[in-house]
Amino acid sequence: MTTAAAIRGGIRIAAVDDAAKTAGIVPGLTLADARALLPDLAVTEVDTAADRRALEGLADWCGRYTPWTAVDEIDVYPGDNGGGGGLWLDISGCAHLFGGEQALLDDLVGRLAAFGFAAAAAVADTAGAAWAMARFTEETAVVVQPGDVATALPPLPVDGLRLPARTVEALSRVGLRRIGSLTVLPRGALAARFGDIVLQRLDRALGRVDEPLSPRRPAPAMHVRLAFAEPVGRADDIALATRKMLDELCARLAAAHLGIRRLELALYRTDGTVARAAIGTSRPVRDPDHLHRLFREKLDGLDVGFGVEVTVLAATVVAPLAPAQTAMGFEPREHAEVVGRLIDRLGNRLGAGNVMRLVERASHVPERACRKLPALVGAPASTCDEDRRSRQPRPLQLLPWPEPIEVMAPVPDGPPVIFRWRRVQHRVAAAEGPERIEPEWWREEDGHDPAHRSSIRDYYRVEDAHGCRFWIYREGFYRPDLAPRWYLHGLFP
Amino acid sequence: MLASDGVSRPDAALIADLRARIEGIGGWGPQPEHALAAQSFGVDEIDAVLPWGGLPKACIHEVAAADISAAAAGFCAVLLARLANQSGTVVWCRRKDGLYGPGLAAFGLDTGRLIVVRARTDKDVFWAMEEGLRSGSLAAVLGEAGSTDSIALRRLQLAAETGGVTALLLRPAGAAIVPGSVTSRWRVGTVSSVPAGTAPGKGRAGPGRPRWRVELRRCKAGPPATWLLEWRDETGGLAVAADLRHRPAAPPAHGVGSRLAV
C-alpha cells in the first residue's frame with residue numbers, strides 16, 4: 001500500500017507502508033519505477049487535506065499531555081527524510097504527571113500505535129534537535145538529556161536539520177552528510193555557499209538561537225488536568241470531575257487575583273477524539289458554584305463516546321479580579337453581580353448573541369439607529385444624546401426586513417388610501433408624513449441590503465380604520481413611468 | 001370509636017386548618033407578604049378597580065393582543081417601564097427580532113435597563129423567564145409565547161413567588177387562552193385615535209394620540225373591567241381618554257369574550 005502525488009515533475013511515491021518498504025519501494029520513487037518493482041502495487045492518491053485534518057485531530061488529542069500542541073508546518077511530504085507529518089508538544093513542566101519524560105514518550109507512542117499509527121517521538125532541549133532525533137534514530141522514543149544536544153546531534157544526517165531537499169543534495173555532493181561535519185566548518189563559508197538557512201537551522205537545533213513556534217490553540221493562562229484510572233462515561237461522574245477541577249482552578253485564580261472570562265473543558269475520549277465545551281462570562285468570575293452551573297447546561301449535550309480518560313479544564317481568557325470580602329454573615333448579592341450571573345446562564349444556553357442589549361446610536365437610517373450588542377460584553381454607553389430621542393415618532397417593532405405592500409395612493413406623492421399587507425387589506429383613516437430619510441452615502445459599502453441601497457425613503461405613519469398604526473415608506477423619487485414601490489417597516493402601538 | 005366520631009362530627013378548626021393549607025399549596029390562598037406589594041399604573045381609575053391598588057408584584061399577568069398592532073406590546077412596555085424605574089433591570093424574552101429601542105424609549109422604557117433575550121422555541125422562552133424570575137435580581141420579566149400550558153404557567157408562578165419578581169406573559173393575537181394560575185388577564189387592542197387636527201393643504205388629518213382598549217378580563221380578587229386609555233407623550237403616562245365625543249367605546253371586539261370561560 002502506497003500513496004502517490006505529483007512531486008517534482010512526476011508522479012512519485014509519497015508514503016509507503018511496511019509491506020511496500022520490504023519490496024524496496026521508498027518515498028520519492030516514481031510510480032513507474034515502483035510498479036516495475038511490484039506490479040500489483042496498491043496506490044492511492046494523496047489527500048493532503050484529509051492528512052492535515054488527521055494530524056490536527058491528533059494534535060488536539062495530544063492536549064491530554066500538554067495544552068501546548070501544534071502541527072509541524074513543514075511540508076508534510078518531505079520525500080525521503082523520514083516521511084509523514086509531525087506534531088510539536090511543549091512538555092515543559094508536564095512530564096512529572098506521567099512519571100518522567102521517558103514514560104510520557106512511551107505512553108504517547110504506545111497509544112498512537114494502538115490507534116494504528118507508526119510513530120516515533122523524541123524529547124530534547126530544542127525543537128530542531130527533537131525533530132531530528134525523532135526521525136533519524138532507530139528507537140521510537142528518545143530522550144535527550146538537558147545539555148546533551150551538542151553531543152547527540154553530530155552523528156545524525158544533515159536531513160535532520162529540516163533543510164530543503166535541494167540544499168541537502170548540495171551538501172551531500174561535497175561530502176557533508178553528517179551534522180557534525182557542518183559544525184566544524186567556518187560559518188562564513190557555509191553561509192556563502194549554501195545559504196543562510198543552513199546556519200539558521202543549525203543554530204536553532206543546537207539552541208544557539210530561539211525558535212519561535214505557535215501553538216494550535218492559544219495556550220491557556222491556567223489549566224487543570226484530571227486523569228481517571230478507568231474511563232468514565234456517566235454524566236454524574238463527569239460533572240463531579242468538573243466540579244473538582246473548578247474548585248482547584250478557582251483556588252489558584254484566587255491566589256493570583258484573577259477571574260475567568262472564558263473557560264474550556266476538554267474531554268479526551270478513549271477513541272482518541274476530543275469533546276469540548278466552552279463557557280463565557282460577562283464579568284470576571286471565580287466562583288466554582290456559578291461556573292459549575294454554567295457547565296451543567298453544556299455537559300448534557302456532550303457525547304462521551306466509549307468513555308473519557310482525561311479531562312482538562314483550561315482558563316483561556318482571564319481578567320484581574322480583586323479579592324472580595326464575602327464572610328460577613330450574609331450572602332453578597334450585589335445587583336450588577338446577580339444580573340451578570342443571569343446573563344451568563346442565559347447566554348451559555350441560548351448563545352451569547354441571543355442575550356442582547358439595545359443600544360441607540362446616532363443615525364437617521366432606522367435599522368442602524370438601534371444596535372443589538374451581546375449583553376455578555378457588558379453595558380455599553382449609548383452613542384446617542386438624550387434630546388435626539390423621540391423627535392420623530394418611531395415604531396415599537398421594526399420588521400427585520402421591510403415587507404413589500406400593495407398600495408393604492410395618489411400620485412405623485414401622498415399617503416396611501418388602501419394598502420394590503422400579509423394578505424389583509426387596511427383602509428387608511430389617518431396619515432402623517434412624509435418623513436424623508438436619505439441613505440448614509442458615506443456608508444455605501446456596508447448598506448444592509450444591496451437592493452435597497454442608495455434609495456431615498458419617504459416614511460408615513462398611517463392609522464387604519466381599527467386604529468392599528470403602521471410605519472410604511474415609498475422607495476425612491478416619483479417617476480411617471482414607474483410604479484412606486486411601497487414597504488411596511490414597523491408597527492406602532 | 002374515636003375515629004368514627006371524627007368522621008361523623010368533623011372538627012371545625014381542623015377543617016379550617018386543612019382548607020388553609022390546601023389553599024397555600026395551590027397558590028390560590030393568601031399570598032406571601034411581598035406578593036401583596038403593588039405597582040401603581042399611574043391611572044387612578046385602574047388602580048381603584050384592582051384590589052391591590054395597582055398591579056400586584058411577584059406573580060404572573062397575562063396580556064393578550066386583540067389585534068395585529070403593537071398595542072399590547074406598548075402596554076407591556078409601559079408596565080415594564082413603571083416596574084423598572086423603581087428597582088432596575090427588566091428582561092424581554094421573545095422568539096423573533098424586531099424590538100426597536102427608540103420606540104420602546106418613547107414609552108418610557110430605558111433601553112439601558114432592558115435585556116432582550118432571543119430564544120428558538122417557546123420552551124426556551126419559558127426557561128429563560130424562569131431563570132430570570134428565580135434570580136430575584138430583576139424588576140420584571142416579560143415573555144412572548146404563542147403556546148402555553150397550565151404546567152408552564154404554574155412553574156412560572158412558583159418562580160415568580162420564589163424570586164419576588166413580576167412576570168408578564170404577552171400573547172399574540174389569536175393565541176389560545178389556557179386556564180392557569182395567572183393573577184390577572186388582560187386584553188389590549190387599538191381604538192381609532194382622535195385626529196390630531198387637519199393639516200393645512202392636505203385633505204386628511206394625522207393620527208392622534210395612541211388609544212388602547214384595555215380589558216381586565218380576569219382578576220383573582222376583583223371584577224372584570226374595561227378602560228379606554230390614551231398614551232400622552234407630554235406627561236409620559238397613560239390616562240383614561242377624556243374626549244369621547246367623537247366615538248363611544250367600541251363594543252367587545254370579535255366576540256372573543258363569549259368563548260372565554262374565566
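Trainee: How do I tell whether the span of helix α12 (residues 288–300) of chain A agrees with its 13 residues?

Mentor: Start with the rule: the expected span is 1.5 Å times one less than the number of residues. Helices here are DSSP runs of H or I with at least four residues, strands are E runs of at least two, and both are numbered from the N terminus. For α12(A), 13 residues should span 18 Å, and the end C-alpha atoms are 18 Å apart, so the two agree. Keep in mind that this is a predicted model, where local features need pLDDT of at least 70, side-chain atom pairs count only at pLDDT 80 or more, and totals for chains, interfaces and linings use all residues. Residues are numbered from 1 along each chain as its sequence is written, while chains are lettered from A and ligands numbered from 1 in the order in which they are written.

Trainee: Which residues of α12(A) are buried, and what covers them?

Mentor: A residue is buried if 20 or more other C-beta atoms lie within 10 Å of its own, exposed if 12 or fewer, and partly exposed in between, with C-beta atoms placed from the backbone. In α12(A) that gives A:Leu291, A:Leu294 and A:Phe295. Their cover includes α11 (235–256), β9 (258–269), β10 (274–285) and α13 (335–350) of chain A. Two residues are in contact if those backbone-placed C-beta atoms lie within 7 Å.

Trainee: Why does A:Ala124 count as buried?

Mentor: Count its neighbours: A:Ala124 has 24 C-beta neighbours inside 10 Å, so it counts as buried. A:Ala124 is found in the loop between β6 (121–123) and α5 (127–136) of chain A. Leaving out residues up to four places away in sequence, it touches A:Ala129, A:Ala130, A:Met133, A:Val144 and A:Val149.

Trainee: How many residues does each chain bring to the contact between A and B?

Mentor: Chain B brings 45 residues and chain A brings 44. On the chain B side, the elements giving two or more residues are α4 (71–87), α5 (101–106), β5 (114–118), α6 (122–135) and β8 (184–191). Of these, α5(B) gives the most, with six residues. By class, that side has 22 nonpolar, 16 polar and seven charged residues. Ala, Val, Leu, Ile, Met, Phe, Trp, Tyr, Cys and Pro count as nonpolar, Asp, Glu, Lys and Arg as charged, and the others, Gly among them, as polar.

Trainee: In what sense do strand β12 (residues 355–360) of chain A and β5(B) pair?

Mentor: Two strands pair if DSSP finds at least two bridges between them. β12(A) and β5(B) pair in the antiparallel sense over two bridges, and A:Met356 stands opposite B:Val116 in β5(B).

Trainee: Back to helices: how much of α6(B) is buried?

Mentor: 10 of its 14 residues are buried, so α6(B) is largely enclosed by the rest of the structure. Among them are B:Phe126, B:Trp127 and B:Leu133. The cover includes α13 of chain A together with β4 (90–94), β5, β6 (140–144), α7 (150–163) and β7 (166–171) of chain B. After α6(B) comes B:Gly136, with a positive phi near 75°.

Trainee: And which strands close into a barrel?

Mentor: Six strands of chain A do, in the order β14-β15-β16-β17-β18-β19, with antiparallel pairing. Within chain A, seven bridges join β18 (residues 469–475) to β19 (residues 485–492), and A:Trp471 stands opposite A:Gly490 in β19(A).
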